[in-house]
Amino acid sequence: MSNIPAPPILLTPGPLTTSDRTRRAMLRDWGSWDGDFNQITQRVRQRLLDIANAADTHECIPMQGSGTFSVEAAIGTLVPRNGHVLVPSNGAYCQRLARICRVLDRKTGTLDYAENQQVSASDIDRRLAADPSITHVAMVHCETGAGVLNPLHDIAMVVARHGRSLIVDAMSSFGALEIDAAQTPFDAVIAASGKCLEGVPGMGFVIIRRAILEKCEGNSHSLALDLYDQWVYMQKTTQWRFTPPTHVVAALDEAITQYLDEGGLPARGGRYARNCAALISGMEAIGIRSYLAPSIQAPIIVTFHAPDHPNYDFKTFYQEVKKRGYILYPGKLTQIETFRVGCIGHFGEAGIPGAVEAIAQTMKAMGIARDTAAVTA
Ligand SMILES: *Cc1c(COP(=O)(O)O)cnc(C)c1O
């Protein structure tokens with residue numbers, strides 16, 4: 001008999017907890033030339049397009065690697081070398097996006113906000129009006145750093161009205177928060193296998209407007225990260241250009257089937273929203289405050305103020321919560337001490353209350369539980 005304890009639930013924004021069905025889909029090997037595998041790739045691409053209601057207008061190009069590889073591929077492929085990118089920035093992933101643009105030697109400007117603020121469509125409107133040299137706006141939909149939801153639709157309408165190109169890092173929102181190509185104009189949306197679709201990590205994908213993609217030949221600075229080349233090769237051969245992450249693709253296919261069985265985006269987004277609400281109220285009840293105003297909190301990951309107590313340190317806190325079955329995430333804010341808890345992944349209704357209970361027990365064990373008697377007295 002096996003004596004392996006159940007692995008902890010990951011309350012992290014990818015990799016995240018996946019279902020047994022998804023993991024079981026990786027128990028066989030596939031040849032990258034094989035027709036059966038290439039059918040899986042085709043089906044995954046088609047269903048990803050359908051999730052964004054983009055099949056008529058866009059193409060889905062998968063890319064090997066973590067999500068950042070696809071962001072870098074999208075910038076390099078879509079932005080010509082003499083392009084000029086504006087990055088509205090309210091956190092770490094926005095900063096990474098701007099850094100990618102600069103590393104690729106594209107002219108880049110930022111519009112900077114505090115980490116507890118949304119980026120503003122009207123600010124972008126003014127900036128685009130003032131600077132006709134800006135060719136692209138590259139934004140993050142859910143800024144996973146603090147957990148802020150940025151107003152994608154409003155920004156998309158502004159960018160379209162100015163006739164510029166919009167590139168969206170929707171890594172931590174795709175599949176859970178609505179992105180409808182028929183309602184929200186965009187030239188590229190980037191996401192990955194191991195986030196809200198609840199696949200395993202290892203590949204990203206970019207949904208690119210076909211009319212734009214057709215003109216992207218030669219833009220890329222990179223051989224391996226050229227989405228135009230990947231697309232042309234895939235159209236011609238049905239194969240990936242270089243070795244595909246076969247098991248990851250098979251797992252994503254299986255994860256998407258479960259996503260559709262669950263009820264697609266409304267069901268997935270609804271489940272995460274319930275997790276998020278239960279998490280914030282449960283933590284409040286044990287004296288831990290969330291960082292963001294509820295109106296700008298995305299239901300993906302929540303930043304909490306660390307307990308204000310001399311006994312607190314994240315490492316011990318993390319280990320104690322892990323012993324009780326849950327993996328937390330460190331904070332990513334520069335100024336204040338925080339930690340993060342993800343709302344996404346395949347865990348049941350008991351997951352969030354169980355995590356809150358584990359955190360409450362940990363606080364008692366560390367001697368940092370709130371003295372509720374004193375507070376209510
Ligand atoms: C997860 C994530 C990425 C990609 O991160 P990787 O570590 O490369 O997978 C990019 N942008 C956002 C907003 C994310 O949440």
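In which sense do β8 and β9 pair, and over how many bridges? They pair in the parallel sense, over 3 bridges. Keep that pair in mind as you look through the close-ups below, which all come from a predicted model.

View 1. Let's begin with the whole sheet. It is open, has 7 strands, and runs in the order β2-β10-β9-β8-β5-β3-β4 with mixed pairing. At its edges stand β2 (58-64) and β4 (107-112); each has a single partner strand, so one side of each is left without a neighbour in the sheet. From one strand to the next, the twist averages 20°. A handy rule to remember here is that strands of a sheet pair through backbone hydrogen bonds, either parallel or antiparallel.

View 2. With β10, β9 pairs in the antiparallel sense over 5 bridges, and V189 stands opposite I207 of β10. How much of β9 is buried? Here 5 of its 5 residues are buried, so β9 is largely enclosed by the rest of the structure. Now look at the side chains: A188, I190 and A192 point one way, while V189 and A191 point the other way, and all of them are buried.

**View 3. Helix α6 packs on β5 and β8.** These two strands pair in the parallel sense over 5 bridges, with M139 opposite V168 in β8. Helix α6 packs on the sheet and touches both β5 and β8, its direction making about 160° with that of β8.

View 4. You can find R47 in helix α2. Is R47 buried or exposed? With a relative accessible area of 15%, R47 is buried, because the cut-off for buried is under 20%. Beyond its neighbours within four places in sequence, R47 is in contact with D253, I256, T257 and L260.

**View 5. L227 is buried in helix α8.** Residue L227 lies in α8 (residues 227-237) and has a relative accessible area of 0%, so it counts as buried. Leaving out residues up to four places away in sequence, L227 touches I61, M63, A73, A74, T77, V206 and I208. By contrast, the C-alpha atoms of L227 and V119 are separated by 28 Å.

**View 6. Helices α11 and α12 cross.** Helix α11 (residues 314-323) packs on α12 (residues 351-365) at an angle of about 125°, with the axes 9 Å apart. That angle makes α11 oblique to α12, and their crossing is right-handed. Where they meet, F317, E320 and V321 of α11 face A358, I359, T362, M363 and A365 of α12.

How values were computed
Residues numbered from 1 in each chain as written. Predicted model: local features only at pLDDT ≥ 70, side-chain atom pairs only at ≥ 80, totals over all residues. Heavy atoms only, no water. Buried < 20%, exposed > 50% of the residue type's maximum accessible area, 1.4 Å probe, protein only. Helix = DSSP H or I, 4+ residues; strand = E, 2+ residues; numbered from the N terminus. Pairing = 2+ DSSP bridges. Axes fitted to C-alpha atoms, helices over the stretch in contact; angles between N-to-C directions. Parallel < 35°, antiparallel > 145°, perpendicular 65-115°, else oblique. Left-handed = near helix turned anticlockwise from the far one by under 90°. Contact = heavy atoms within 4.5 Å.
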